[in-house]
Amino acid sequence: MAQLWGGRFTKATDQLVYDFNASIGFDQRFFSEDIMGSKAHVKMLAKQGILTEEERDEILVGLEGIEKDVADGKLAITSEYEDIHSFVEANLIDRIGDPGKKLHTGRSRNDQVALDMRLYTRSQVEHTKDLLHHLLETILSIMEDNTETIMPGFTHLQKAQPITLAHHMGAYFEMFKRDVLRLSDIYERMNYCPLGSGALAGTTYPLDRDYTAELLGFYGPTVNSMDGVSDRDYLIEYLSAMSTIMMHLSRFSEEVIIWNSNEYRFIEIDDAYSTGSSIMPQKKNPDIAELVRGKTGRVYGALMGLLTTMKGIPLAYNKDMQEDKEMAFDAMDTVNGCIQLFDGMLETMTFRKDVMEKSARHGFTNATDAADYLVGKGVPFRDAHGIIGRVVLYCIDKGIAIDDMSLEELKEFSDVFEEDIYDAISMYTCVNKRLTTGAPGKEAMETAIASYKEFLKK
Ligand code: ARG
């Protein structure tokens, strides 16, 4: 047991208590951030005359040595230390002696951990954004290739109107684009440095918090020291954004599962992204999509867990806050992994364009357009709706599509039908007449694609 405290204790910590309290098992994840924060702290202490330049340099060399030895596998981070902060400080003192004991001047583990977690999360926010960026590129390339690939659009999972694959993919582009923007917003709000908040009430040393903040790439220091050590809002916002990403991935996964089913056959998932059955030889299962859908629950769990942990904590720091880490780390790993896997699955899947188009043709997805055709010939919309409803019933009975009916048959329902009906209800016309902003028509879609390219350039 290597602890940073003990002066006022007369007994050793009970082993179970030690284990229960320790966080080294998981906070070693931000070892680099801890070193980074310590380096900035000592530079600032020396600039302010609180440490001498020699002391600063000895500490910096010591910290770099620890970093290198850990990277080279010469120094192991073990459970002998209570947390990563204790590990670094104890090793520094072992290495350089007395100057090492001055590292913690004007600092508490409370502001130190607040800094480390914020630094780590900040880099994760960037990492998640990069992964989403790549996913958006994949989606955009499918869009570019499929502005004319007709498929049925659904409401209530019932065929509704024809759309294109580009249009369907565009809806997901919008979702993940918002996710990227959400992460950027969070970054803007979180990028303030808590170091210098001390245990809760700042410190009497003349720290230059602006300088430390600047060294660490923050916009500035946090403004209230009690909030500085106990704010986890940024993490809650991040987990909320991560939960939204998972909700989007999960909806997309659900569609992939449906499209890949034997009944739909709209897509074929690549062998490299599918799994088999131990008993049924014919099986090729969409396990990746199912796992992404399934893992959504644990990310929501992290968000709910942290919200609940935070809700009863009086100001300022309390040990409850140590619980932020495992949940958040698990969520980060889960979401980042899911984005990558989903992206790979999407990039490699095959779209059965013929099956998609056939499905649109045989689902009366042009019924609205047929009604609109009658409206164009002067029939009031409500009457047109009724006429086409009866036409559909007739077709269902015969097992045909509206397009398969002869003009004579159509005229039985309304004498305004003319030869031009066939062109008016062709899938191609149905889609390409829809040219308002946001609609699936090819020209409208090309405008959207151009704006997405601009977005990805930024
Ligand atoms: N392991 C602690 C955490 O994660 C570090 C801060 C400890 N501070 C304290 N006063 N015990 O929150």
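Modeller: For "domain: Argininosuccinate lyase C-terminal", an unreviewed UniProt entry lists residues 364-432. Bear in mind that this is a predicted model.

Colleague: OK, what's the helix and strand content of residues 364-432?

Modeller: That span is 62% helix and 0% strand. Its end C-alpha atoms lie 17 Å apart.

Colleague: And which residues does UniProt list for "domain: Fumarate lyase N-terminal"?

Modeller: Residues 7-301, again from an unreviewed entry. Over residues 7-301 the chain is 61% helix and 6% strand, and the end C-alpha atoms are 40 Å apart.

Colleague: Switching to the domain assignment, how is the chain divided?

Modeller: Into domain 1 (15-105), domain 2 (110-149 + 162-205 + 223-353) and domain 3 (359-445).

Colleague: How far apart are the C-alpha centres of domain 1 and domain 2?

Modeller: They lie 31 Å apart. The contact between them takes 13 residues from domain 1 and 13 residues from domain 2.

Colleague: Which elements give two or more residues to the domain 1 side?

Modeller: Helix H2 (24-27) and helix H3 (31-47). The largest share comes from H3, with five residues.

Colleague: How do the residues on that side of domain 1 divide into nonpolar, polar and charged?

Modeller: On the side of domain 1 that touches domain 2 you get four nonpolar, five polar and four charged.

Colleague: Now the ligand. Which residues surround it?

Modeller: Ser 23, Asp 27, Asp 83, Arg 109, Asn 110, Val 113, Lys 319, Met 321 and Gln 322. By type, that shell has two nonpolar, three polar and four charged residues.

Colleague: Which helix gives the most to the shell?

Modeller: Helix H6 (residues 109-145), with three residues.

Colleague: And which domains does the shell draw at least three residues from?

Modeller: Domain 1 and domain 2 each give at least three residues to the shell around the ligand.

Colleague: Last topic, helix H13. Which of its residues are buried?

Modeller: H13 covers residues 353-361, and the buried ones are Met 356, Glu 357, Ala 360 and Arg 361.

Colleague: Why are they on the same side of H13?

Modeller: Because they cover an arc of only 140° around the axis.

Definitions and conventions: Residues numbered from 1 in each chain as written. Predicted model: local features only at pLDDT ≥ 70, side-chain atom pairs only at ≥ 80, totals over all residues. Near = placed C-beta within 6 Å. Helix = DSSP H or I, 4+ residues; strand = E, 2+ residues; numbered from the N terminus. Nonpolar A, V, L, I, M, F, W, Y, C, P; charged D, E, K, R; others polar. Domains from an automatic or database assignment. UniProt positions renumbered as here; feature names shortened; annotations may be inferred. Buried ≥ 20, exposed ≤ 12 C-beta atoms within 10 Å, placed from the backbone. Arc of directions from axis to C-beta. Contact = placed C-beta atoms within 7 Å.
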